[in-house]
Every structure is written in C-alpha cells, then in structure tokens.
Amino acid sequence: MSDKKIPTINFKEKAIELLPEGASFDACLTCGLCSSGCPASGIENMDPRKFIRMAMLGMNEELSTTPWVWCCTQCRRCQHVCPMNIDISQLVFIARGNWPQEAKPAGIVRSCQLIRSTDSTSAMGLPPDDFIFVVEDVLQEVRETQPAFKNLQAPMDKKGAHFFVNQNSREPMNEPDEMVPLWKIFDMVGADWTYSSKGWAAENFCMFSGDEEAWYEVIKTRVDAVNALGCKVWLNTECGHSYYTMWNAINRFGMEADFQLESLITYYARWIREGKLPVNSDWNTNNITFTVQDPCMIVRKAYGDAIAEDMRFVVKSLVGEENFIDMQPNRSANYCCGGGGGFLQAGMTEHRRTYGKRKFDQIAATGAAYVLTPCHNCHSQMEDIGHHYGGNYGVVHFWTLICLSLGILGENERTYLGPDLLALID
Amino acid sequence: MKEETRHFETELAVVGSGLAGCAASIFALNRKIKIAQVGNTGAVAYTTGYLDLLGAVEESSKAVENPWDGLELLKKSHPDHPLSHIPAQDIAEGFRQFTTFLGESGIAYTGPQETNITALTPAGTLKKTLCVPATMAAGPQAFAAQRPCVIIDFHGLKGFSAREVVANLRHKWPQLTAARVDFPDMEKGEIYPEVMARALEVAATRTRLAELLREAAGEIKTIGLPALLGMHTPDLVRSELERLTGLTIFEIPTMPPSVPGIRLREMFEQVFPQKGITLIPQQKITALSFAPDRAQLNLRDNYGPIVIHAKAVILATGRFLSGGLEAHITGITEPLLDLPVHQPPSRTDWYREQYTDRQGHLIHKAGIEIDASCRPLGKNGTPYHERLFAAGIILAHQDWIRGRSGAGIAIATAYKAVQAAEDLLHARI
Ligand SMILES: Cc1cc2nc3c(=O)[nH]c(=O)nc-3n(C[C@H](O)[C@H](O)[C@H](O)COP(=O)(O)OP(=O)(O)OC[C@H]3O[C@@H](n4cnc5c(N)ncnc54)[C@H](O)[C@@H]3O)c2cc1C
Ligand code: SF4
Ligand code: SF4
Ligand code: SF4
C-alpha cells in the first residue's frame with residue numbers, strides 16, 4: 001500500500017442512497033452482536049459496530065482511510081446475527097472502491113488486472129490458448145495412463161452443451177491433475193458439459209477491489225460466453241466467491257442471462273440421490289473423521305441453508321454419517337475462513353491469520369482429521385492456518401473424495417490425501 | 001435470469017423467532033404439528049439465559065419468592081394481564097416442555113420449581129427467576145450456603161467485572177473475593193465472551209485455562225466465572241473444567257451480547273430444521289393475508305422470494321425492538337396486519353413524568369388484545385381471523401420488564417396459542 005491520499009467519503013450520505021427502504025444504519029441498537037461474532041473485530045482497532053457508529057457520527061476521514069476494510073472479508077456474518085438486519089459489508093465495499101488504485105493492496109488490484117488482461121477472465125492471467133493446451137495435455141495423459149478412462153472427454157467450446165463448467169485458475173495453472181477427478185465425475189454421470197475458451201475462469205477479485213465497473217465487465221465476458229455457447233446451466237465448480245460474484249452481479253446490474261446459475265454441490269447431491277454417482281463410505285474402514293466448511297459465498301450470502309444440507313448429504317454419503325462432525329457454528333452462521341474478500345491476495349498475512357484463528361478453533365474443536373470444502377479460497381486459508389497454528393488436519397476437495405470412494409482416483413490426483421487416506425487406497 | 005419463487009405448505013406458520021416464537025415451535029413439535037417459522041433474531045440473543053416467570057407483581061417493587069402465589073395476586077390486581085388467563089398448571093407444563101427441549105438439545109436447564117431461584121446478575125445484584133441454565137445453577141446454591149467463593153474475570157473482557165460483582169454482593173456474601181486472569185492466547189485488546197466461549201470448545205484451551213483458574217482460586221473450592229464456558233457444549237465444558245481443576249464452577253451472566261443468548265439462538269437454528277421445521281431465520285414476513293381455507297405469508301431471503309401457505313398462524317413479533325409494534329407521531333401501530341393496538345389515548349400519556357415512577361409507563365402496556373382462544377381482535381372487537389393467533393410480549397396489558405416476566409409471558413402465551421391453534425387444526429383442516 002502506498003501513501004497516496006485517500007479521498008474522504010460521506011458514509012452517512014452513501015448509506016442513505018444505498019439502503020433499501022426500511023433498512024437504516026440509524027436503526028442500529030449498538031448491541032454489539034455483530035462485533036462479538038465477527039472474526040475481524042479488533043484487527044486495526046476496528047469492528048463492525050464501531051464502523052457503523054463512526055459512520056453515523058460522521059467520522060468519515062478515519063473510515064475512509066482505515067486499512068481494516070481490507071480485513072473485513074465481506075462475509076456478512078454480522079448481518080446474519082444482527083437483529084436489525086444491518087449489512088455493514090456494503091459500506092466496506094464503498095470504502096474499498098474509494099481507495100486510489102495505487103493505495104489498495106497490490107495483490108487484489110493485480111489479480112483484477114490479470115482477470116481483465118485476457119478473454120479467460122483468469123486471475124492468474126492464463127490466456128485461452130494456454131488453457132486449451134493444458135486441458136488437452138492432461139486429457140491426453142489420462143487417456144494414455146488410465147485404461148479405464150481411455151475415452152475420457154473434456155469438451156471445449158461445445159455449442160449447446162447443457163453445462164457450461166467453470167474452473168478456478170489454480171488448477172490449470174498450478175495443479176492441472178486436480179481437474180481430472182471432476183472430468184471423471186462428469187463422465188460417470190453422463191453429463192453433457194463443456195469448458196469454454198472464453199470466460200472459463202471462476203475467480204473474481206474485481207468485486208473485492210471495490211471496482212464496480214471492472215466487476216461488471218468481467219461478469220459480462222462470462223455471461224456473453226455462456227450465452228454464445230447456448231448452454232442451459234452455468235455450473236460453478238468448487239469455488240465459493242465465483243458463484244456469488246456472478247449471481248450477485250447478474251441481479252445487481254440487471255444483466256441478460258439466458259441460463260441458470262447452479263452450484264456443483266447441488267448436482268453432486270442430485271447425482272448421488274439418483275444413483276448416478278454410486279458413492280459409499282465402505283472404504284472408510286478406519287473411521288477417519290471429516291468436517292465440512294460452509295463457504296459463506298454460497299451458503300449464507302446466496303442459497304442459504306438448503307445448499308448446506310446438500311453438502312452434508314454428500315459428505316455423509318462419502319465418509320459415513322458416524323464419521324462426520326459438524327463445525328460449530330455452521331451453515332448460515334458459519335465463520336468465514338478468513339481467506340475471503342481478497343484477504344489471501346492482499347498480503348496482510350498477520351491479520352489474515354488473526355482472523356483465521358476463529359476458524360482454526362472451530363476445526364480443532366471438531367477433532368476431525370480432514371476438512372472438506374467446495375471453495376478454493378477456504379481450502380488455501382484453512383491449510384495455511386492449520387500449518388500456522390499447529391493443527392494436524394488435512395483439507396480436501398469434494399471431487400477427490402468422490403473419486404476416492406468410487407475407486408477411480410488416479411495416482412497424480414492424491415495431492416491432498418494424508419497417509420491415513422493413502423493407506424486405505426493401496 | 002428468472003427468480004424462482006419457493007413455496008412451502010405447512011399446518012402452522014410461526015411469525016417471529018424470539019422466545020415466544022421458538023417456544024411455540026417447540027410446543028407444536030410436541031403436538032406433531034407441521035411448522036414453518038420465520039423471523040430475525042429476537043431478544044433471545046440478548047437474554048441472560050434466565051427464564052423469568054414472575055419476579056414482581058408489576059407496580060409493586062417487592063420481589064416475588066413464590067411465583068405461583070404471585071400469579072394468584074396478579075389475577076386479582078391485574079385481571080387483564082395475559083398470565084391471569086392461563087391456568088398455573090399450563091404455565092408449569094409450558095416451562096417443563098420448554099426446558100426439557102433445551103436440555104435434550106444440549107443446553108441443560110433446571111426445571112420449574114415451587115419457588116423462584118435467587119440468581120446473580122452481571123452487576124452482582126440479585127434477581128428472582130424460575131429456571132436457570134445448568135451451568136449457572138451452582139451459583140445460587142453457593143450463595144444460599146454462603147460458601148467461600150472467588151469470582152474470576154479476564155483482562156480485556158468488557159461487560160463483566162468480578163470486582164463490581166463482589167463490591168455489590170459482599171454485604172450479603174462476605175466470603176466472596178475477586179480475581180483476574182489472562183485468557184489463554186487472548187492477552188491483548190478487547191475480547192468478547194463469545195470468542196472465549198468458542199475457544200473453550202477446544203480441549204487444549206480448557207487445559208490451559210484450568211491451570212490459571214486453579215492458581216487464582218488458591219485454597220477456595222468454588223469459583224464463579226462470566227458466562228463463557230463453551231458455546232455448543234456448555235455442560236461438557238463446565239464439567240471438564242471442574243474435572244481439570246477439582247473446583248465447583250458456575251457461570252454468571254454477562255452484559256449483552258452474552259453467550260447464553262447466543263447459545264440458545266444457535267441451538268434453535270440448528271435443531272429446528274433437524275426436527276423437520278421449515279426455519280427461515282433472519283428474515284421478516286412482508287405480507288400476511290387470509291383466505292377462508294388458509295393464510296398466505298410472503299417474504300424473501302438472499303436467494304429470492306418465498307411463499308408460505310399455512311392453515312394457522314401464530315403472530316409472535318414482539319414489541320418495538322423487534323418491529324412487532326411501531327411508534328409513530330400519531331400513535332402505535334401493528335405493521336403487519338394493522339391490528340388495533342391497545343395504547344394510551346395520546347402520545348403525551350406514553351410516559352409518566354418521572355422516568356423511575358413506580359407505577360411504570362403506560363406505553364409499556366401497549367399491545368394487541370386477544371380473545372379467550374388467543375385470537376387477536378380486529379377493528380370491530382371480534383377476532384381478526386379464525387386462523388390467526390398471537391403470543392409473546394406483543395400482547396397488551398403487561399409490562400414484562402417491571403414484572404420480571406419476559407420468558408414467562410413468552411412461554412405461557414405460546415403454550416396457550418399452540419393449544420388453540422391445534423384445536424382449529426383438528427376441528428377442520
Ligand atoms: C436485553 C434483554 C434482556 C432480557 N433478559 C431476559 C431475562 O434475563 N430473562 C427473561 O425471562 N427475559 C429476558 N428478556 C425478555 C425476553 O427476551 C422477552 O420477553 C422475550 O424474548 C419476548 O419474546 P417475544 O418472542 O414475544 O418477542 P421478541 O423476542 O421481541 O421477538 C420477536 C420476534 O419477531 C420477529 N418479527 C418481528 N416482525 C416480524 C415479521 N414481520 N416477520 C417475521 N418476524 C418478525 C423478530 O425478528 C423477533 O424474532 C430480555 C430482553 C431483552 C431485550
Ligand atoms: S448487531 Fe446490528 S444492531 Fe447490533 S450493534 Fe451490530 S449493527 Fe447494530
Ligand atoms: S462482513 Fe464479515 S468480516 Fe466484515 S464486518 Fe461483517 S462479519 Fe466482520
Ligand atoms: S473464503 Fe470461503 S469462507 Fe471466506 S469468504 Fe470466501 S467463501 Fe467465505
């Protein structure tokens with residue numbers, strides 16, 4: 001962050017413009033439930049109740065410049081517990097947008113720039129041709145080395161496919177083998193799906209940088225890409241915020257989208273119920289225990305508890321009901337892991353880990369050996385705080401465990417399995 | 001992209017998630033009624049955890065030792081009071097079912113007894129209440145037995161001061177002393193009880209805290225702590241700490257936002273759906289309308305619009321704080337159905353001149369009126385609709401703050417309203 005001066009905004013005025021009728025920051029009872037339940041409370045000497053009070057008192061300069069806005073992950077837990085339903089993340093969003101580009105955390109700005117640098121909309125700047133290459137390359141290898149999958153498909157730009165599938169850039173970029181379990185699952189259920197060379201990437205840090213225009217543009221590229229291929233369903237894979245940024249933007253900007261937005265979790269659950277994914281927990285002979293992280297971006301902020309129930313159904317089917325331990329609190333009341341809102345990209349490591357302590361305690365209290373989560377950010381953050389605070393749990397994707405249960409997890413697809421799980425496969 | 005409306009069909013819709021709404025859902029569950037419940041966090045999250053039935057007969061300042069006798073007095077002096085219309089055995093049964101449910105759901109409570117318990121407040125004063133969380137029960141016992149006891153607080157914790165508790169209580173409890181310790185890993189800055197409570201769900205934190213507690217207790221065998229002994233498994237956390245320290249340990253409520261309230265709320269939000277209730281937390285009904293054969297409730301959550309169809313509705317929307325009543329220049333209204341609100345004739349009559357006036361203020365008795373079967377009265381003095389019932393502090397003719405009867409009114413009237421709703425549901429569905 002540089003010293004470039006941050007303009008002062010009038011938060012009270014903004015709040016009045018912004019809030020729907022009947023919702024007012026004046027309604028705040030100063031009860032402190034928000035702050036009590038916010039993992040960012042205390043960081044930079046700020047908390048959500050204080051933020052609202054200061055806004056109401058016109059302490060605009062302090063609020064315009066506090067770096068705390070980059071530590072609030074915009075998870076909206078404060079709103080969830082607020083008796084007056086006050087959403088402070090909206091003010092944080094405005095405050096973020098108000099920071100001059102040069103002063104914002106460079107990692108978030110850079111990620112947004114990279115997203116806009118190619119038609120891929122990839123925060124790692126992976127261009128369409130490279131994506132196509134990686135997918136073909138990996139596919140080739142699987143066909144050659146895994147006889148059961150010698151006809152595996154990973155369609156690209158297939159017009160009229162039912163599912164338009166997105167992918168977090170981390171996979172094609174850093175761990176391409178992690179794409180394979182997902183392809184195998186699609187293969188098994190006979191899904192009619194495609195990747196797109198345009199707008200395929202999932203992640204979206206433009207929203208987190210507070211740059212509304214950039215956020216719109218990224219989503220526009222993605223919406224256009226889905227419309228162009230004529231797909232019925234934009235299927236969000238295991239990445240939390242990509243769903244929220246797309247879903248929210250389409251509503252917020254009133255965009256034309258001729259397709260449904262769906263989360264892969266819903267389909268995992270459906271395919272298991274329909275018997276298309278014949279998973280079971282028989283493999284878990286040692287009763288290895290699992291917990292699950294509800295990403296706020298798809299649970300609290302979007303679908304609500306319905307998807308959290310689907311997630312639990314999937315986990316229990318995979319590991320056995322008796323081996324599943326819920327974190328407390330959970331579902332819509334769950335804590336953000338502390339990696340969201342661009343925190344992982346913002347370079348504020350110490351603050352991020354302070355935030356993550358709450359998640360660490362939650363996981364530690366379960367005593368589970370593994371955390372399952374359908375979100376890349378959550379995944380990275382929980383691994384990091386695990387190492388930092390001396391936890392001994394692993395973090396796994398759903399697709400890994402599904403393929404493990406089905407006995408189709410390839411040699412190169414086992415990065416996140418600890419010795420206990422590996423021992424059960426061999 | 002089209003928004004899809006989600007539809008729910010149910011027998012009973014409960015509007016409100018305060019104590020009254022949650023109690024209504026519990027009673028309806030026990031009667032195997034199909035339920036949908038909607039509402040923001042009500043005052044539940046602010047409560048001390050104590051469930052008061054009757055601590056004072058409203059205008060009288062004398063503490064009520066025996067609430068059952070108190071109710072008899074209330075009946076004579078306040079025949080309009082909602083509790084005056086409910087048989088004592090129904091009130092007791094309501095408390096029993098409510099506390100049993102809490103216990104089965106992981107938060108053990110003492111059941112309703114013959115007399116009130118003399119319980120400790122965050123400030124170190126005493127109050128009368130009927131039921132207390134098991135984690136707090138040893139406090140009143142230690143007080144009654146006048147056992148030597150150390151009250152322990154923590155650096156950085158606001159809303160609870162051991163010194164204050166001791167200063168206010170010492171003349172009644174001479175063997176009381178105060179101590180302060182550092183909470184493990186939270187030595188700096190302001191810390192909320194909620195954060196400590198969650199940290200104590202981790203065994204390693206308990207082990208470290210136990211050592212500090214033992215040291216602080218010295219020779220004394222009983223200690224009182226602010227209410228932060230775990231969030232999800234408070235009884236386990238307390239017994240583990242007792243085991244590790246060899247001490248008798250009890251909790252004292254803190255100022256809001258307090259852990260006992262958050263415990264209840266999180267428990268309801270988790271357990272209700274498991275029991276088959278369609279629970280939509282944190283949202284408000286925006287429209288409620290009635291057809292002859294059913295009621296329709298409209299709302300939206302983050303995901304989109306929701307419509308609920310129900311055979312019966314219980315309105316438990318609270319008073320001003322929760323939005324069940326609204327105060328305007330021209331008077332007090334009930335916003336959802338515009339039910340007539342019993343209220344002082346004009347705004348100037350809302351408050352008496354002295355804020356501390358013993359008789360209380362008339363505005364604190366404002367609310368909606370009901371008939372003998374808990375049906376709110378409409379403009380013409382007859383029930384608004386046969387499918388509509390009401391419960392909780394939205395009801396007129398009670399000042400629950402002065403009467404120290406918050407939970408009592410919520411639980412007892414919910415019990416009665418569910419009974420009445422069941423009669424309707426059974427009579428003809
Ligand atoms: C700070 C504080 C401390 C307290 N401590 C104690 C105590 O120690 N012991 C005790 O016995 N009592 C205590 N009480 C009182 C007790 O909590 C109340 O008596 C009780 O909660 C009243 O219950 P209620 O459900 O009628 O109303 P409320 O708790 O006010 O709940 C009303 C509910 O209705 C909902 N609602 C309103 N409008 C709508 C709508 N349109 N659609 C859907 N939902 C709606 C609200 O969101 C809320 O969930 C305390 C209260 C407060 C405020
Ligand atoms: S929870 Fe809501 S009402 Fe309470 S202090 Fe926070 S914003 Fe204000
Ligand atoms: S959005 Fe999340 S991180 Fe931000 S203030 Fe609210 S609870 Fe805290
Ligand atoms: S990283 Fe996960 S927990 Fe955190 S905001 Fe994103 S989805 Fe929520």
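How many salt bridges does the rule find across the interface of chain B and chain A? In this predicted model, local features require pLDDT of at least 70 and side-chain atom pairs count only at pLDDT 80 or more, whereas totals for chains, interfaces and linings use all residues. Residues are numbered from 1 along each chain as its sequence is written, chains are lettered from A and ligands numbered from 1 in the order in which they are written, and side-chain values use heavy atoms, with hydrogens and water left out.

Across the interface of chain B and chain A, 2 salt bridges are found (a side-chain nitrogen of Lys or Arg within 4 Å of a carboxyl oxygen of Asp or Glu). One of them links E266(B) to R77(A), with 3.5 Å between the closest N and O atoms. Strand 2 (35–41), helix 6 (193–199) and helix 9 (259–274) of chain B each contribute at least two residues to the side of chain B that touches chain A; helices (H or I, at least four residues) and strands (E, at least two) are DSSP runs, numbered from the N terminus. Helix 9 of chain B provides the largest share of this side, 5 residues.

The contact (heavy atoms within 4.5 Å) involves 42 residues of chain A and 26 residues of chain B. About 2900 Å² is buried between the two chains, 49% of it from carbon and sulfur atoms; buried area is the accessible area (1.4 Å probe) that two parts lose on being put together, summed over both.
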